[in-house]
Amino acid sequence: MKKSLIHRLVQAVIVLIGVVLLIFVMLRIVPGNPIETMMGEHADAATVARMTAEMGLDQPLHIQFFRYISSAFRGDFGTSYSLGKPVSQLIGSAFVNTLILALFAALFAWVAGIGCGILSAVHKNRLPDRLFMGFSILGISLPVFMAAMFLQYIFGFCLHWLPISGTERWTGFILPSIALGWNSAGQVAQMTRTALLETLQEDYIDTARAKGRSPSGVLVHHALRNAMLPVLTMMTIQFSGLLSGAVITETVFSINGVGRLMVQAISGRDIPLLQGTALLATAVVIFGSLLADVLYSVLDPRVRKEG
Amino acid sequence: MSNMEYEQKSGHPVLAFVLALLGIIAAVLLVFLTGVIGGGIALALGVAAVLIGIAARRRGLGIAAIICGTLAVILAVIMTFSTVAVFRKIHDEALKYKDEAPLVAQCLDKPHFGFLGMIINVTKYEGDSQQLVDQFNMIKEKVDKGLKDSSSALPWIATAQAAESEDEVLRVAVLYDISTMDVSKTTDDYLIPMNVFDRLFETRPVNGKSEIVKSLITDYSVSADGLTYDFVLREGIVFSNGSALTASDVQYSFERLLKAARENTDIPLEIKGGEAVMKGEAQSLEGFSIKDDTHFSVTLNAPNAGFPAELSAPAASIVDAETTEKAAAFGTDPADAIGTGPYIVTEWVSNDHYTLVYNDKYWGPKPSVKKLIVRVIADPMTQNLMFQNGELDIINLQYLDSAIVAATYKNKPADRIASTPNVGETFLLMNEENPYLKDVKVRKAIGMAIDVDLIIQSIFSGDAQRENCMIPTGVWAHNDQQEGYTYDPEAAKALLKEAGYAENEVKFELSMDSSADSGTQLVYASISEQLKKVGIQATVASYDHSSWLAKRSSGTMDSFVGRWGMDYNDPANIVFTFFGSEESNRGRSINYPDKSIFARVAAARTIVDDQEREKEYQELDRKLIREDAVWIPMYSTLHMWCLGDRVASFTPHWAGFSDFYIADVVLK
Amino acid sequence: MLKAKRKQVEQAADLRLQSQIGEQERFRDQLRRMARENKTAVVSFFVIVILMLAAILAPLLTPYEENEMDLLHRLQPPSAEHLLGTDEGGRDVLTRLLFGARVSLLIGVAPALLSLILGALLGAAAGYRGGMTDTVIMRIADVTLAFPSMLLAMVIMYSLGGGIFNVFLTLTLVNWANVARIVRSQTLKLRSDEFVEAARVTGVPDRTILRRHILPNCLPTLLVLFTLNIPAAILTESSLSFLGLGIQPPNASWGLMINTGRQYLYNAPWLCFAPGAAIMLIVLSFNFLGNGLLDVLDPRMKKQ
């Protein structure tokens with residue numbers, strides 16, 4: 001168990017370094033000079049050349065890479081071209097918003113998803129099942145931006161219930177988190193339903209029933225406990241997905257999060273910022289799946305014994 | 001095994017029928033009671049679809065039907081809900097309008113089910129029903145408006161918004177965050193420099209016209225040869241940190257721009273010795289001499305009557321030498337932005353918002369706005385909604401499609417709209433290295449094939465004006481006698497034939513910057529369509545901003561819709577930028593073949609006599625635009641703003657900048 | 001593709017292999033059974049066919065041209081002349097929707113096919129060869145899968161620039177690793193099968209074994225993966241175009257139409273809702289069809 005954990009950890013770090021290298025190379029084969037983009041209409045060739053040299057962008061690629069890695073280890077991820085501040089500082093303040101958004105979205109997705117999943121499984125092929133599964137398929141098929149725009153239109157514009165954008169008030173997080181969480185809710189609901197239906201067919205459920213436990217008791221104490229295992233690991237992976245995948249939601253609702261920083265970095269050819277945000281998102285996903293594996297092995301008695 | 005029993009019960013026709021009946025009754029009630037016909041029908045259809053779904057034998061089909069049905073029901077409920085909310089409000093407030101709407105008030109006297117009762121009474125009314133309906137609609141309109149204004153039906157949000165719209169606070173939104181507060185590093189982000197720092201002169205509105213006025217100085221004089229300016233600083237001015245403003249701060253501010261050697265070096269370069277400071281050969285400006293704390297003089301390389309006007313540009317902001325010198329990252333930390341202006345920056349959260357508050361050490365008159373909150377909202381449509389919701393006090397309409405502006409804002413009273421022409425021009429630029437575009441006849445045919453007036457009327461809803469010259473309207477030396485290209489597709493075809501080109505033979509690319517606003521993107525598409533009609537294949541290709549810039553500066557871009565906004569009121573700003581040297585000409589993909597023009601354009605700047613200079617610029621304009629058709633001048637737009645209920649008046653920047661002087665906003 | 005779905009496909013494929021040849025119904029018969037029993041999948045199939053036909057026959061179905069502008073009739077609501085109204089340039093929305101279907105469907109199908117081929121070849125090679133080949137290929141696949149797919153797509157689109165072929169390439173690069181993983185695990189199991197062992201011992205060349213035994217056995221799984229990859233690709237493209245990183249104007253794709261239409265959501269909602277509904281319809285259809293095929297693949301379903 002410990003050994004495999006260390007193994008996984010080393011693997012994660014290797015993958016992360018691979019990712020850094022990949023992003024680094026990809027971002028630098030792009031046509032277009034970031035300095036020129038930064039200076040816009042007033043750039044004259046001499047100034048652009050001088051500033052390119054000042055920022056070390058005319059150095060060979062491998063030297064730039066080692067310079068980046070070594071300063072990254074010291075916590076310095078460079079200065080954003082388009083926003084003029086240190087990348088770490090920008091990401092720091094944006095990450096708070098993304099984190100809150102992801103937490104709210106996950107809360108919505110898990111509560112709604114697990115609830116609907118259980119109801120669907122218990123009432124298999126009856127109204128609640130069809131209703132909830134319909135919604136979950138809708139959630140999976142509906143592009144996030146459509147859901148976001150729908151919600152903005154109805155609750156922000158028509159009904160004036162909730163703010164259209166902004167995060168000064170906590171109410172500003174409600175619509176974005178529903179938009180973001182809808183898709184995950186659909187997945188959780190389907191997974192819960194499948195897992196629960198499978199466990200309900202196991203022999204020990206019949207045994208418990210035969211012993212005279214109430215149907216709800218069987219459901220909660222026996223079936224649910226076992227069915228939740230795969231759902232739980234999926235949820236961990238999902239949360240890291242939510243953290244890194246809020247790009248569109250943040251764009252539609254104008255939330256200052258990591259995703260929007262990334263979009264901005266892309267449109268402004270802001271290499272340090274893009275590198276920083278991409279790195280953060282990948283790290284979150286890698287360690288999220290690592291955590292999921294650990295969680296699974298802790299919770300699942302079979303894996304625990306094997307390890 | 002345990003689920004077998006469920007599977008067999010796959011359909012409840014009886015239950016479905018009962019529910020369907022209930023649904024339809026509910027729908028009918030809705031239609032009759034509230035008049036929401038659409039909502040009622042949608043509800044009925046939705047319920048029916050859900051029931052078909054329940055009764056269906058196949059699970060998948062059932063799910064599909066239930067999804068559609070539920071969506072319809074949700075829509076219906078929402079549609080009716082907002083209407084019901086209005087009626088409830090009418091019921092609550094009808095007594096307020098007792099005098100204006102006595103008939104409606106009568107219907108309130110015998111309520112049996114609250115607001116539903118009122119509606120029943122209204123529908124059953126046995127008098128002059130038309131009058132009642134009119135009165136009812138009158139209240140409805142008022143309530144509708146009230147609901148929109150209070151912007152929320154839920155109490156907690158209403159209070160939250162009230163807290164934000166406290167007195168003397170102005171809330172605006174921008175599309176992009178600023179990158180710096182330092183004028184040496186930007187030519188765009190001027191809102192903070194304009195309001196936090198002062199300059200020796202300002203361009204200010206005086207009796208409805210913009211004029212150059214003295215700001216930090218009380219007096220100045222020019223020597224007879226026009227080379228030396230003597231300035232007297234205003235006494236007793238202090239920076240927001242309390243230290244006094246002296247002549248050395250002015251010198252430091254100019255030298256700093258040169259030492260940074262970035263975006264803004266034009267103005268201090270005119271001072272004698274500027275070149276040397278920029279190259280690092282000298283530490284201080286030779287042409288800048290300080291007599292005492294308030295008296296100093298500046299000597300220029302060449303006489304320039306426009307020097308005071310240039311000193312009013314945001315680039316010539318005066319900073320506190322001591323603080324700026326010590327600052328680790330000047331332009332990034334609000335604490336370092338120490339100026340003598342009316343505001344100080346208290347907070348800057350990147351990509352989110354920044355806040356300016358009144359500087360109580362300010363020497364000038366107290367402005368109406370004591371606090372400005374600038375929010376970064378990347379989407380013009382969201383800004384539009386926020387303004388309508390009362391979350392913004394002024395909205396910049398520049399980036400909204402003119403059709404939306406026309407539908408939403410044009411019907412507002414005239415004093416709610418502030419507008420100023422964008423001094424500048426949008427034009428179609430053509431690369432003379434392209435095998436077809438190098439032929440002047442082809443370029444002129446293109447000029448005749450583009451229907452600029454149609455573009456102005458449709459895409460900009462008439463809020464733009466035709467430009468016929470290189471030097472835009474509103475700029476000194478602009479020639480309003482110069483003729484433009486008139487739309488004449490037949491003549492264009494004839495000219496192409498004369499040049500020896502068959503139909504559809506002329507091909508080139510219209511390169512579009514994909515970050516352009518929707519109006520410009522439409523202009524590209526319509527130019528391509530209009531050229532198609534005369535047998536020219538101009539295909540639109542879109543590039544992201546950086547690739548577009550890279551392609552353009554390589555000198556290989558076929559053709560593009562360019563836009564130039566004037567930085568200061570002198571024709572050199574546009575003519576010299578595009579035709580000042582072979583390098584800059586190629587850098588904008590023009591590749592003008594006659595190299596002698598560059599020297600001529602450069603020389604035009606130094607002509608001392610105004611009349612002669614004006615003549616030379618107009619002659620250059622005629623040659624380049626009318627004779628050689630280097631580009632097709634098209635239009636300049638009107639920059640419009642809409643003011644919210646809390647704003648009394650607003651005067652935008654003279655050149656149509658999106659940045660403005662906060663002191664030009666007066667709150668009610 | 002969704003992670004949960006991928007696991008489901010993996011499980012079903014494994015179970016299918018366990019209940020090998022003989023007791024297994026032939027795939028063709030299974031499909032027939034699905035056509036009989038799963039009406040949703042059949043309906044979805046026809047919806048897809050109709051949409052594809054509409055896309056192919058687009059010029060015949062509409063009197064307007066794709067980019068034909070009528071600047072005097074901008075943002076017109078739906079009418080008899082323009083069934084779905086006109087857009088901000090006075091172009092017919094229905095026409096653009098039909099032409100946009102070409103791009104959107106092509107973007108669904110082509111990258112899914114490409115990633116399928118690439119993934120199947122690499123996955124089979126990794127599983128069959130093992131050793132160094134396996135390690136290298138699967139490490140690369142791991143790195144690709146470690147990226148959030150949207151982020152990966154954004155970074156690739158950033159370095160390649162917009163345009164339809166770059167979207168193809170991006171979606172292929174994003175999706176191949178999923179396929180490779182599943183095919184590899186299938187190949188690993190098939191390789192240890194007696195049948196294949198025997199063939200190897202008798203000196204049948206590797207290429208023949210791969211072609212004759214391993215890939216044909218993976219085909220049903222690949223078909224399911226293909227069907228489920230299409231909606232994922234369409235959704236990713238629409239998201240990319242929504243952010244302005246995908247298809248570039250003047251080409252029309254549904255995602256791009258929504259992106260430009262968003263500016264007019266409150267004044268001309270048909271600009272957004274028409275392509276939005278189209279995306280939902282096609283994605284739902286492919287999802288239903290894919291789920292139907294997945295049920296066929298999963299031997300557990302047969303008994304019910």
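**Exercise 1.** In this predicted model, give the order of the four strands in the open sheet of chain B, and explain why one side of E4 and of E6 lacks a neighbour.

*Solution.*
Step 1. The strands of chain B run in the order E4-E5-E7-E6, with antiparallel pairing.
Step 2. E4 and E6 (288-290) of chain B are the edge strands, and each has a single partner strand, so one side of each has no neighbour in the sheet.
Step 3. From one strand to the next, the twist averages 20°.

**Exercise 2.** Which residues are the bridge partners of B:Asp219 and B:Tyr229?

*Solution.*
Step 1. E4 (residues 217-222) and E5 (residues 228-233) of chain B pair antiparallel through five bridges. The partner of B:Asp219 in E5(B) is B:Val232.
Step 2. Five residues lie between the strands of this hairpin, and among them B:Gly226 has a positive phi near 75°.
Step 3. E5(B) also pairs with E7 (residues 295-299) of chain B, again antiparallel and over five bridges. Here B:Tyr229 is bridged to B:Val298 in E7(B).
Step 4. Helix H10 (residues 247-260) of chain B packs on the sheet and touches E5, E6 and E7 of chain B. The direction of H10(B) makes about 160° with that of E6(B).

**Exercise 3.** Describe the side of chain C that touches chain A: which element gives the largest share, and how many residues fall in each class?

*Solution.*
Step 1. Chain C contributes 31 residues to the contact and chain A contributes 37 residues.
Step 2. On chain C, the elements giving two or more residues are H1 (3-18), H6 (131-146), H7 (149-160), H10 (206-242) and H12 (270-297).
Step 3. H12(C) supplies the largest share, seven residues.
Step 4. The class count for this side of chain C is 23 nonpolar, five polar and three charged residues.

Technical notes: Residues numbered from 1 in each chain as written. Chains lettered and ligands numbered in written order. Predicted model: local features only at pLDDT ≥ 70, side-chain atom pairs only at ≥ 80, totals over all residues. Contact = placed C-beta atoms within 7 Å. Nonpolar A, V, L, I, M, F, W, Y, C, P; charged D, E, K, R; others polar. Pairing = 2+ DSSP bridges. Axes fitted to C-alpha atoms, helices over the stretch in contact; angles between N-to-C directions.
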